[in-house]
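Dear colleague,

My notes on it follow directly below.

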Amino acid sequence: MRGKHQQSAVDEKYAQWKSLVPVLYDWLANHNLVWPSLSCRWGPQLEQATYKNRQRLYLSEQTDGSVPNTLVIANCEIVKPRVAAAEHISQFNEEARSPFVKKYKTIIHPGEVNRIRELPQHNHIVATHTDSPDVLIWDVETQPNRHAVLGATPSRPDLVLTGHKENAEFALAMCPKEPYVLSGGKDKSVVLWSIQDHITTTASDPSTNKPQGSGATIVKQNGESPSVGPRGIFQGHEDTVEDVQFCPKSSQEFCSVGDDSCLILWDARTGSDPAIKVEKAHNADLHCVDWNPFDENYILTGSADSSVRMFDRRNLTSDGVGSPVHKFEGHKAAVLCVQWSPDNPTVFGSAAEDGVLNIWDYEKVGKKKERGVRTPNAPPGLFFQHAGHRDKVVDFHWNTYDAWTIVSVSDDCDSSGGGGTLQIWRMSDLIYRPEEEVLVELEEFKSHVVTCGSKS
């Protein structure tokens, strides 16, 4: 737990943020979690209505052992832009659950859920990492709903991916192009699988319907989940692999980062050795990596040194030399998650142990006049800070169905002694729209106010 002075500073900063919510946000939902969730991911959109959309959300419950750890499937109501009244979105109780987030299904997970990733081709299929060498694959729609009570047997995964020699706890990615899964672990290796035709336990016999050249085999065992071995195991890191990511336009190219401070680019077509290895990508452990979905040359990394760096792979060489295109330094503690926006090729977010989620636009770096964050010492490129969490922000995810809508989770064990906070939010469009557009709208609004005033 934090000291009194430190906690009072956090509370003061939070109160200041909450007072600005009606100005900064188009919409915000605050959902108190009894148990912290180390990961949060959007699932498929279920329904579109006039004022709001309904969508699946995947999160977890990391418990103290008094009840089982769970993978939670929730239904969320996402209020559409310019619908919510400003005075309403700031009137929430931090200790309450949000009416916009409803638990739909509970899966009893064998061990704590460290990471959740959805399969883009079938986003009701998710992969999870726990404290074991295996990756677990779940069809969340066909899994039975369970009651999480002490002593309950864990749910059975639809598929188990084997291949790591030691625990693989965090590094996990799904391929945008094909149903491939990528993982990294304490065995310093990166492992690649294909789950083609093995998505559920009802998959057809792999001996008659196996993807060409996949090398994947399915082993049926009595009373146990089927398992699939790897397509490839890639060695090159000197320490634990902390995060992995596919190239958005290729199922054969991917990257990884680890506690050895290295960024490694791989190409499965050329073998299991690194294609490019940047030895000192940061001056500390690397925690996260993401590949730009619009321009495959740009890769983001986040580190324990509190910075985010952007690399251009055209500038990287196989002898370990590679300087970042830019360093983004706006956090005061280790960066835990980075992710490019799915809607804007130059925008990305970064979340850290300082409790802040920063939104950046690298196109603004070097511009004389930057909109958004207006503090004199704002780091170049930073244009929005989400300060609604009072403890470390462990994960966040941009919504591909609702532009500029983000879900973020914090583990509140240091600030409140347990639990977590889930927030779904969308900044005001006045912050990111072109300045000329915004000024025209504000001028029209001013004229409207003046007209209404003269009539009364």
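Which backbone oxygen lies 2.7 Å from a polar atom of the side chain of Gln143? In this predicted model, the backbone oxygen in question is that of Arg156. Gln143 itself is placed in the loop between strand E8 (135-139) and strand E9 (159-161). Although it belongs to a loop, Gln143 counts as buried, because its relative accessibility is 6% and the cut-off for buried is under 20%. Beyond its neighbours within four places in sequence, Gln143 is in contact with Lys105, Ile107 and Trp138, and also with Ser155, Arg156, Pro157 and Asp158.

Next, the cysteines. The model contains 0 disulfides. Cys175 takes part in none: the nearest cysteine sulfur belongs to Cys247 and is 8.9 Å away, whereas a disulfide requires two sulfur atoms within 2.5 Å. Cys175 is buried, since its relative accessibility is 0%. Cys337 is likewise in no disulfide, with the sulfur of Cys288 as the nearest one, at 6.1 Å. Cys337 also counts as buried, in this case because its relative accessibility is 9%.

Turning to the strands, I would draw your attention to an open sheet of 4 strands, which has the order E16-E17-E18-E19 and antiparallel pairing. Strand E16 (241-246) and strand E19 (276-278) stand at its edges; each has a single partner strand, so one side of each is left without a neighbour in the sheet. On average, neighbouring strands of this sheet are turned by 15° against each other, direction ignored. E16 is joined to strand E17 (residues 253-258) by 5 bridges, and the two run antiparallel. Within this pairing, Gln245 has Cys255 in E17 as its bridge partner.

A further group of strands is arranged around E22. Strand E21 (residues 298-303) runs antiparallel to E22 and is joined to it by 5 bridges; for Leu300, the bridge partner in E22 is Met310. E21 and E22 form a hairpin with 4 residues between them, and Ser306 in the turn has a positive phi of about 75°. E22 also pairs with strand E23 (residues 326-328), again in the antiparallel sense, over 3 bridges. Here Arg309 has Lys327 in E23 as its bridge partner.

Is strand E22 mostly covered or mostly uncovered? Strand E22 (residues 308-312) is mostly covered, with 5 of its 5 residues buried. The covering extends to both faces: Val308, Met310 and Asp312 are buried on one side, and Arg309 and Phe311 are buried on the other.

Finally, the nonpolar cores. The largest of them has 42 residues, and Ile359, Leu422 and Ile424 are those with the most contacts inside it. Leaving aside neighbours within four places in sequence, Ile359 is in contact with residues including Val347, Phe348, Gly349, Gly381, Leu382, Phe383 and Phe384. Trp398, Ile406, Trp425 and Met427 are also among the contacts of Ile359. Another core, of 15 residues, lies apart from the largest one; among its members are Ala171, Tyr180, Val190 and Phe246.

With kind regards

Definitions and conventions:
Residues are numbered from 1 along each chain as its sequence is written. This is a predicted model: local features need pLDDT of at least 70, side-chain atom pairs count only at pLDDT 80 or more; totals for chains, interfaces and linings use all residues. Side-chain values use heavy atoms; hydrogens and water are left out. Buried means under 20% relative accessible area, exposed over 50%, partly exposed in between (1.4 Å probe, protein chains only). Two strands pair if DSSP finds at least two bridges between them. Axes are lines fitted to C-alpha atoms, for helices over the stretch in contact, and angles run from 0 to 180 degrees between N-to-C directions. A nonpolar core is a set of buried Ala, Val, Leu, Ile, Met, Phe, Trp, Tyr and Cys residues joined through side-chain atoms within 4.5 Å. Contact means heavy atoms within 4.5 Å. A polar contact is a pair of N or O atoms within 3.5 Å; within protein, one must be able to donate a hydrogen and the other to accept it, and residues adjacent in sequence count only if both atoms are side-chain atoms.
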